[in-house]
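Q: I have a protein open on my screen and would like to go through it. Can you take my questions as they come?

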Amino acid sequence: MDPVLDAFAAIPREGFLPREMRGNAGFDQPLPIGHGQTNSQPRTVADMLRLLEVAPGDAVLDVGSGSGWSTALLAHLTGPEGSVIGVELEPALVRFGRRNLAATDQPWARIKRVRPGVLGWPENAAYDRILVSAEAEVLPPELVDQLAAPGRMVIPVAGLMTLVERSATGEVRISGHGWYRFVPLRER
């Protein structure tokens with residue numbers, strides 16, 4: 001059984017799209033959610049989640065939670081014994097994402113408005129898994145610092161889907177996994 005496919009079946013994309021876009025939920029393409037942001041292409045989300053290897057009970061950080069879909073998928077993967085913090089910079093998307101996430105009845109997941117100039121959510125670090133759904137120009141050390149040992153982070157860096165793995169001893173290994181397009185990672 002594929003836990004990612006199970007999460008997709010349990011958390012339908014259409015509940016995380018603006019009303020006028022819901023008819024397009026089945027298309028395998030990014031869809032606009034307003035404020036210059038998108039709900040990512042489902043195939044890309046699945047690729048990222050498989051690389052991330054979320055396990056039940058994990059503490060997960062979701063950077064760029066947008067409409068809340070990735071946060072809800074991650075919460076399904078962690079189960080109630082885990083925790084997920086989604087962070088978003090755009091206030092209107094924080095409200096939209098919170099409403100969408102609340103409809104999934106997964107109280108172990110929440111969405112916070114990130115403080116401008118701060119990447120991630122350092123207050124609750126370290127995280128077993130970090131998912132970043134926006135493209136960084138270079139690998140942000142602030143996010144690597146929030147990764148537990150052991151831990152995994154998936155982040156697009158300059159177009160390359162990047163997996164950052166931290167071993168139990170703290171050693172960091174970085175690998176690339178294909179080329180993708182994302183909205184830019186912003187701090188403000």
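The chat below goes through the chain, its core, an aromatic pair and one asparagine.

Q: What kind of model is this, and how are residues numbered?
A: This is a predicted model, where local features need pLDDT of at least 70, side-chain atom pairs count only at pLDDT 80 or more, and totals for chains, interfaces and linings use all residues. Residues are numbered from 1 along each chain as its sequence is written, and side-chain values use heavy atoms, leaving out hydrogens and water.

Q: How many helices and strands are in the protein chain?
A: The protein chain has five helices and nine strands. Both are DSSP runs numbered from the N terminus: helices are H or I with at least four residues, strands are E with at least two.

Q: In what order do they come?
A: From the N terminus on, the order is α-β-β-α-β-α-β-α-β-β-α-β-β-β.

Q: What share of the residues is buried?
A: Buried residues are 51% of the 188 in the protein chain. Buried means under 20% relative accessible area, exposed over 50%, and partly exposed in between, with a 1.4 Å probe and protein chains only.

Q: Which residues have the most contacts inside the largest nonpolar core?
A: Leu49, Leu73, Leu74, Leu131, Val154 and Met161 do, in a core of 30 residues. A nonpolar core is a set of buried Ala, Val, Leu, Ile, Met, Phe, Trp, Tyr and Cys residues joined through side-chain atoms within 4.5 Å.

Q: What does Leu49 touch?
A: Not counting residues up to four places away in sequence, Leu49 touches Val4, Phe8, Val54, Leu73, Leu74, Leu77 and Leu131. Contact means heavy atoms within 4.5 Å.

Q: New topic: how many aromatic pairs are there?
A: The structure holds one. The rings of Phe8 and Trp69 have centres 5.2 Å apart and planes at 70°, so the pair is edge-to-face. Rings of Phe, Tyr and Trp (its six-membered ring) pair if their centres lie within 6.5 Å; planes under 30 degrees apart are stacked, over 60 edge-to-face, and the rest tilted.

Q: Which parts does the pair tie together?
A: Phe8 is in helix α1 and Trp69 in helix α3, so the pair ties together parts 61 residues apart in sequence.

Q: Is Trp69 buried or exposed?
A: Trp69 is buried, at 4% relative accessible area.

Q: And Asn100, where is that?
A: Asn100 is in helix α4 and counts as buried, at 8% relative accessibility. The Asn100 side chain reaches the backbone oxygen of Ser67 at 2.9 Å.

Key
A polar contact is a pair of N or O atoms within 3.5 Å; within protein, one must be able to donate a hydrogen and the other to accept it, and residues adjacent in sequence count only if both atoms are side-chain atoms.
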